Amino acid sequence: VPDADPQSVEGRIGMDVNATSADGKSYAGYYEKSYGEKFISSFNGYAYDAVMMLAAAINKAGATEPQAIADALSEVSKTYQGVTGPIVFDPDGQRSEQPYVVAEVKDGEIVPE
């Protein structure tokens, strides 16, 4: 909700892309403890997963050449557990399962349905 004026989204139903999976609860707690607030961007967990997955691929590849990283990402994605849930790529290089949660905005808070 911090991405939008609470009055403009009150009562709306949609997908909460700001959620983390059960595996990401410690990350969410660490973030809140460090910054004194909940995530302020719907890209938070996804950006964290992207950076961590990229680092894992670079480490696996042992190189920073784009093709070596792309090949390693394919391997890393077979077992990667991110804060937004497992990240497995389909043949088109897209996340095979989207972890979005259907929710409603009530009193300025996102409440899962």
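Helices (H or I, at least four residues) and strands (E, at least two) are DSSP runs, numbered from the N terminus. The model is a predicted one, in which local features need pLDDT of at least 70 and side-chain atom pairs count only at pLDDT 80 or more, while totals for chains, interfaces and linings use all residues. Residues are numbered from 1 along each chain as its sequence is written, and side-chain values use heavy atoms, with hydrogens and water left out.

**The whole chain**

Four helices and five strands are present, and along the sequence they follow the pattern α-β-α-α-α-β-β-β-β. Taken along the principal axes, the C-alpha atoms fill a box of roughly 50 × 30 × 20 Å.

Next, show the surface. The chain exposes about 7400 Å², of which carbon and sulfur atoms supply 55%; such areas come from the Shrake-Rupley method with a 1.4 Å probe, and for residues only the protein chains shown count as cover. Of the 113 residues, 28% count as buried. Buried means under 20% relative accessible area, exposed over 50%, and partly exposed in between (1.4 Å probe, protein chains only).

**Gly-93**

Select Gly-93, in the loop between strand 3 (85-87) and strand 4 (101-106). Is Gly-93 buried, partly exposed or exposed? Gly-93 counts as partly exposed because its relative accessibility is 43%.

**Gly-29**

Move to Gly-29 in helix 2 (residues 25-35). With a relative accessible area of 35%, Gly-29 is partly exposed. Asn-59 is 30 residues from Gly-29 in sequence, and the two lie 27 Å apart in space, C-alpha to C-alpha.

**Helix 3 and helix 4**

Finally, select helix 3 (residues 44-61) and helix 4 (residues 66-76), which pack at an angle of about 110° with their axes 8 Å apart. Axes are lines fitted to C-alpha atoms, for helices over the stretch in contact, and angles run from 0 to 180 degrees between N-to-C directions. Helix 3 is therefore roughly perpendicular to helix 4, a term for angles of 65 to 115 degrees.

Display the side chains. Residues in contact (heavy atoms within 4.5 Å) include Met-53 and Leu-54 of helix 3 and Ala-68 and Ile-69 of helix 4.

Conventions:
Angles under 35 degrees count as roughly parallel, over 145 as roughly antiparallel, 65 to 115 as roughly perpendicular and the rest as oblique.
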